[in-house]
Amino acid sequence: MMESVLNHIVAQRPTGGTMTVARLGSQNTVPLSEVWDRAHALGVQLRAEGIDRGDRVGIVASNGLDWVLLDLACLFTGVETAGFEPGKFTADAQLAQRYGLRAVYTDDASALVAARPGGPVRSLAEVVRRAHAMSAEASDSVSGRELIEYGPTDTTSVKFTSGSTGVPKGLAATVGSIDSSLHAVQGIMRHQVGDNLFVFLPLSLLQQRYWVYSALRWGHDVTVTTYESAFAVLGSHAPTVVMGVPGFFGAAMRHIEGQLPEDASFKQRRSAAVELFGPNIRYLWTGSAPADMRVLGFFTDVGLPIYEGYGLNETCIVSKNYPGANRTGSVGKVLPGKEVFIDEGVVCVRSDHPVNHSYAFAADGESEKMFRPGGVVRTGDLGHIDADGYLYIHGRADDVVVLDNGKKIVVRPIEARLRASEAIAECIVYCRDQTELVAIASSDGVADPNAVAQALKKANAEAEPDEQIRRVILAQEPFSIAAGTLTSQFKPVRRAIVDKYEKSIFDPKAGIHAT
């Protein structure tokens, strides 16, 4: 029988490892044993405030030690967490009512000022402070109480989809799915004492908390920061593993290339990469969105192995490239506990331990679209498996556009060809009136129209006639999380981008035209 990682970390105080919280200009390193003690004390504090097993609380806060402590305190007491991304969700009474939350803990000062005394919106820092102040008494209470023990179908956290295609949907993750994923990753990546996993994506994403759970179980270090601070603190903390999305690594590549002459030697590129990522990188982890071949090739060439994987909120981690089984362009081999089959071109995943069988929060009919009998998730991604068992993802089935001549076009490979140019950091392709493909592209800084025109010419030269882009609309500013044109996982928010540039998209004179 598979050991439960979650039950292990609830019951076993870690004997090694540290957690560092890094911000611009500051850092705080805490032994994991202290994190464990403080989380148990916070669990006692939650009970004192009337929150106990079976309740659900929300967390709307930026990454930090308090976030981790509250998540673990809830895990230790059987309270379900719902992590909400700051900026996308507002900590208020409506949020609590909508998602059945006993309390909403936040670090948003304006939300706390507006909160009604005695209402559900509470200060995250204050509950942690109260627990810390009474930690000695709380520890005595911990020692005498019955420990929580989870079964595989129990749920510990509600996670939300990225919202790149609409309103985020929420589903409660089962303990079995979390345990299975952690064991599968540990089996191929073998995180151990001496490793330091670098986490900067929002902790509201359950998978980012996996690496904290992994540290508590296997005794390695973990560094937590925010995406705003990630580049600034990355090198100085010398991680061995960086957990990032393709957009992050693409930005890192362009930053490195921007520091060097065009004819830079391997030694120069390697040195610049090590300066940014630190000297101890064992590997780079990426997934959540397709990675461009140029990005994968760049890091492989400078000696920082990067392994792409695949998974959805609804499936958790499905496949992964890893040392000894890495095929660039694929998303790796299917992990233990998962089965992948292709149905009419669409990737379907069956899990021994499903994340769940339906959404907890979604519009009518959404669960039926995704979840099928037998623990099968119909992902909506197009893909195939090669003869050696490597999975390839071609794009989303709903990203297929149908031209007026009946030809079906998958837009993501077209976008990848444009992004292969240094002039284009991100782009989406939109089909106007089923007649022509129009790209909306952004650069890291001020766009160079001549370079973009060359990128368009090159991309079209490599494309079939129906896949050629007629025009490129240059975005007025880089796509960004702050502007609402990228998700927290650096994925373009297609609807928001199309809405923002709709006038130019439908103006046949606008943009850079193909020649």
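Visitor: How many aromatic pairs does a search of the whole structure find?
Guide: This is a predicted model, in which local features need pLDDT of at least 70 and side-chain atom pairs count only at pLDDT 80 or more, while totals for chains, interfaces and linings use all residues. Residues are numbered from 1 along each chain as its sequence is written, and side-chain values use heavy atoms, with hydrogens and water left out. Rings of Phe, Tyr and Trp (its six-membered ring) pair if their centres lie within 6.5 Å; planes under 30 degrees apart count as stacked, over 60 as edge-to-face and the rest as tilted. Searched in this way, the whole structure has 22 aromatic pairs.

Visitor: Is the pair of Phe89 and Tyr99 stacked or edge-to-face?
Guide: The ring centres of Phe89 and Tyr99 are 6.5 Å apart. Because their planes stand at 75°, the pair is edge-to-face.

Visitor: How many residues apart in sequence are the parts that Phe89 and Tyr99 tie together?
Guide: Helices (H or I, at least four residues) and strands (E, at least two) are DSSP runs, numbered from the N terminus. Phe89 sits in the loop between strand 4 (80-84) and helix 4 (93-98), and Tyr99 in the loop between helix 4 and strand 5 (103-106). The pair therefore ties together parts whose separation in sequence is 10 residues.

Visitor: Does Tyr99 count as buried or exposed?
Guide: Buried means under 20% relative accessible area, exposed over 50%, and partly exposed in between (1.4 Å probe, protein chains only). Phe89, at 12%, counts as buried. Tyr99 is at 8%, so Tyr99 too counts as buried.

Visitor: How many residues apart are Phe249 and Phe299?
Guide: The rings of Phe249 and Phe299 have centres 5.9 Å apart and planes at 75°, so this pair is edge-to-face. Phe249 is in helix 11 (residues 246-258) and Phe299 in helix 13 (residues 293-301), which makes this a link between distant parts of the chain, with a separation of 50 residues.

Visitor: How many salt bridges does a search of the whole structure find?
Guide: A salt bridge is a side-chain nitrogen of Lys or Arg within 4 Å of a carboxyl oxygen of Asp or Glu. One of them joins Arg129 and Glu126, at 2.7 Å from N to O. The search of the whole structure gives a total of 31.

Visitor: In which strand does Arg350 lie?
Guide: Arg350 meets Glu339 in a salt bridge of 2.9 Å, N to O. Glu339 is in strand 16 (residues 338-343), and the pair ties together parts 11 residues apart in sequence, so its partner Arg350 is in another strand, strand 17 (residues 346-351).

Visitor: Which side chain of opposite charge is nearest to Glu308?
Guide: Glu308, in strand 13 (residues 306-312), is buried yet has no salt bridge. Lys and Arg count as positive and Asp and Glu as negative; His and the chain ends are not counted. At 8.3 Å, the nearest side chain of opposite charge is that of Lys320.

Visitor: Over the face of which residue does Lys320 lie?
Guide: A charge sits over a ring if NZ of Lys or CZ of Arg is within 6 Å of the ring centre and within 35 degrees of the ring normal. Lys320 is 3.6 Å from the ring centre of Trp285. The face it lies over is that of Trp285.
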